[in-house]
Amino acid sequence: MPPFFPTSEVNATLSQILPEAEITTSTDFEMNASEVLVATTFTKVDEALISKMPNLKFVQIASTGYDNVDTDSLRKRNIKLANIPTANKESVAEHVITMALAQLKNLLYFHNEIVNGNWPFLTNSSELMGKTFGIIGMGAIGKRLAERLLYFGTNTIYYDPARITDEEEENLGVSYAPMDELLRKSDIISLHVPLTKETDRFMGEKEFGLMKDGSIFINTARGEVVNEAALINAIKSKGIRACIDVYANEPPDPTGELFKVPNVLFSPHVAGVTVESQQRFITDTISNVLKYVQGLDPSYQVL
Amino acid sequence: MKGYGIFNRTVKDLGLRRIFGNPGSTEIPMLRGTSDYVLTLHDSISVGMADGYSQYSGRPSLVNLHTLPGVANSMAFIHTARMNRAPVIITSGQQDSRHAFYEPLLWHDLKSLVGSAVKYSYEVKNPEDIERALKRAYAISLSPPSGPVFLSFPMEVMDQEGEYMGLDYSTPNLQILNSGEVERISELIGRAKNPAFVAGSELDQYGGIRELEELASHLGVPVFSEPLSSRATFNSSSDNFAGELPPASTAINMALLQYDLIVNFGGEFTLYPYLPSPLLPGKKIVSVGMSPSYKHGDCVFSNPKLFLNALLLKANGKWSFRKQEDQGNAGLIAREKKVMGVNYVLQRARKHFSGYTIVDEAISSSLLVRKNMGYSQKSYFTARSGQLGWGLPAAAGISMLRDKVLEIVGDGSLMYTIQTLWTISKYNLPVKILVLNNEGYTILKSFSSSFYPGVENSEFLSFSYNIVDVAKSLGIESRVADPELKEMDWLAQGSEAKLLVANVPKTVPRLFI
Ligand SMILES: Cc1ncc(C[n+]2csc(CCOP(=O)(O)OP(=O)(O)O)c2C)c(N)n1
């Protein structure tokens, strides 16, 4: 635990929620009799830990990703697993819009010019209003992004293998487009797909090839869904402007070619991380554990 | 004098001018000579009207129901009156007791039917009982906790000869100050690290809102409203108002996390849904009021207003609570305007209906009703029981006492007692009705998606009907609001009853965990 972590405050809060619960700051205990385990993505929930918790029935991961969990070990023991997949949708949606606007308004360029003592007179900045915004993946985050874009006046189209209902489309102000059409039509494209066998490097030469010259490509999903060489190629040959929050290896090799091509905006896998989203993770984690304790099915169960 | 004469005379002497009712054959004998009868086209509506009337006036009201069917039809409303602490005197006719043995048509043991929903029940046996039972019922209905009482009148007693005695009767003295406890409680407050106050419905009923406001401001202590109160608890625009406690243990615990002493003035911790946290573990809780529930340790029986006045002279300490400055919500309203969102509708209603008494049965929007409309003394009422159909009758009852009443109701709730519109029209009651139409039972959808995901999409949670046509057919002018809400103006104009439907979004808000 970092020294700034307010352990005693957290304990005081916990005593008002479930007086029997306790906080453990390390996993090198001999044995633990808990039935419920709450952990973040930073704690390895593996065979070694689970075997020390013979009464364990439910694991709640207080984040979206749960790659830290050995799901086979849980499955073997019939232990339930849940994550919190929706708490960061607001922050991701805002991050995507921030990145798109930063590109459209040439913020990086202006900033660097001024810092270097120049005063640029001309700009080819453009507006988000009226642009065609393509969302690939219409889950919780994609929907929230569409909702926010409504007020920017974009023409929003989306692709998802599972089409949403007509009513939802109407309410979100979006229309469905097959993948190729979306790639061809969009001025800005943002990815919101999970990493699966189907999406592994699914943004490749052909896909980037279909995109408009000079269009904006935003990835806050997972690094592995993009073929990086194809992206670099598209940046060079078609002037694609990219916004990258996630990388196949994190942290990435700073000498990589991606960091040398122009018009790319980077952030360090923080699109979903805000003070507010962390608060929501906590609230949702508590709700879910309370549901389990009162005998109901927890939400967002993955096992 | 015959039994019915004694009945009429006693009722008049008790100042119970009006009878709210729906009659049947067994009541005809007792209703001879009745002049001020308010007819409702469903039995239960009488009780709802009387409930609103009594809560607003603080005085008992009189209801007459048709023996078994009328009382049975009204049971949920009688229970609601109990939860609302409304002093309603419910009377009913009863089969002629000379053939009760044969269990004739309409007969039932009515006392066992009303059971624990009333504070007192009695079936009169002879003409002498009529006066004394009514006077006793009157007094009991007012003694804390005030609430409904029930009297059954067998038909034949109404034609038996008796005498009106003019018996003495008393109403309970509610001006009771428990002065011995003032010192102790003020010391408790003085010693607390971080005290919080909870304001309850008794402050609206017996007074004390202004006094609590003064005390809280003097000490710098936050005032929370009890969860799910039946009426205003405090002045929501006060700088010391810390908002409303949510009705679930974990959420209450979180709201009161930083406070070590909780002094509850005339409120209750009403809970729903169940959450596994124990309620306020390790906190010192003191309840002061005319009917503390004794569910939480330390209780002081006292008129809250008098107690607060006494505390004001004694209590010392300095804390620094002040509610956060209102940041305004123009952006939210502008966004919601595009979709006729509930906040947009209510903000507009607030402009047109300031100074009105709000009767709230907006269910999934109730929290927003209180946030947007605010409340203070006698300006807000809702059912504490969770029963639907109460709002419209209660609003009608209150509108007999004041001409500024706005009922805000869900499309689901409206339909339980829609016949009230006929009574409103018949007696020219000045009720304004705003229907938040989301075409279904939104709160049940929200509940489902929190606890039993998937059920929220069930067909049995959605429906629609032509509200305007239904209202018109019952004699009420009625319109659907256009996106600019110009009709809100129309609704507010004139004193006649009108109904406005706002077609609000069908999106399901997250109201539970
Ligand atoms: C007499 C009665 N019947 C059924 C219920 C169950 N119930 C609770 S809330 C609710 C839905 C209320 O719908 P509406 O008034 O339209 O408000 P909304 O939730 O849509 O805002 C129902 C049916 C109840 N509380 N009382």
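I take a salt bridge to be a side-chain nitrogen of Lys or Arg within 4 Å of a carboxyl oxygen of Asp or Glu. With that rule I looked across the interface of chain A and chain B, and it finds one salt bridge. A:Asp284 pairs there with B:Arg510, and their closest N and O atoms are 3.2 Å apart.

A note on the ground rules. I am reading a predicted model, where local features need pLDDT of at least 70, side-chain atom pairs count only at pLDDT 80 or more, and totals for chains, interfaces and linings use all residues. Residues are numbered from 1 along each chain as its sequence is written, chains are lettered from A and ligands numbered from 1 in the order in which they are written, and side-chain values use heavy atoms, with hydrogens and water left out.

**Chain A against chain B**

I stayed at this interface and looked up contact, meaning heavy atoms within 4.5 Å. Chain A brings 16 residues to it and chain B brings 18 residues. Next came buried area, the accessible area (1.4 Å probe) that two parts lose on being put together, summed over both. For chain A and chain B I noted about 1500 Å², with 62% from carbon and sulfur atoms.

**Domains of chain A**

I then turned to the domains, whose bounds come from an automatic or database domain assignment. Chain A has domain 1 (7–86 + 274–293) and domain 2 (89–266). Their centres, taken over C-alpha atoms, are separated by 34 Å. I found five residues of domain 1 of chain A in contact with five residues of domain 2 of chain A. These two domains bury about 370 Å² between them, 49% of it on carbon and sulfur atoms. How many salt bridges are there between domain 1 of chain A and domain 2 of chain A? The count is zero.

**Domains of chain B**

Chain B is assigned domain 1 (3–159), domain 2 (179–328) and domain 3 (331–503). I looked up domain 1 of chain B and domain 2 of chain B, and their C-alpha centres lie 36 Å apart. Six residues from domain 1 of chain B and seven residues from domain 2 of chain B make the contact. The area buried between these two is about 620 Å², and carbon and sulfur atoms give 36% of it. On the side of domain 1 of chain B, the most area is lost by B:Gln55, B:Arg85 and B:Pro144, together 74% of what that side buries. The rule finds one salt bridge across this interface. B:Arg85 also forms a salt bridge with B:Glu202, the closest N and O atoms being 2.9 Å apart.

**Nonpolar cores**

In soluble globular proteins, nonpolar side chains tend to be buried together. I looked for nonpolar cores, sets of buried Ala, Val, Leu, Ile, Met, Phe, Trp, Tyr and Cys residues joined through side-chain atoms within 4.5 Å. Buried means under 20% relative accessible area, exposed over 50%, and partly exposed in between (1.4 Å probe, protein chains only). The largest core has 59 residues, and B:Phe197, B:Phe265, B:Val345, B:Ile408 and B:Leu434 touch the most other members. Where does this core lie? Domain 2 (179–328) and domain 3 (331–503) of chain B both give residues to the core, so it lies between them. Another core, of 50 residues, lies apart from it and includes B:Val47, B:Met49, B:Ala117 and B:Ile398.

**Rings**

Last, I checked aromatic pairs: rings of Phe, Tyr and Trp (its six-membered ring) with centres within 6.5 Å, stacked if the planes are under 30 degrees apart, edge-to-face if over 60 and tilted for the rest. I noted 27 aromatic pairs over all chains. A:Phe259 and A:Phe266 make a tilted one, 4.6 Å centre to centre with 45° between the planes. A:Phe259 is partly exposed, at a relative accessible area of 30%. A:Phe266 is also partly exposed, at 30% relative accessibility. In chain B, B:Phe447 and B:Tyr452 form a tilted pair, 6.1 Å centre to centre and 45° between the planes. Ring pairs link B:Tyr272, B:Phe447, B:Phe451, B:Tyr452 and B:Phe512 into a cluster.
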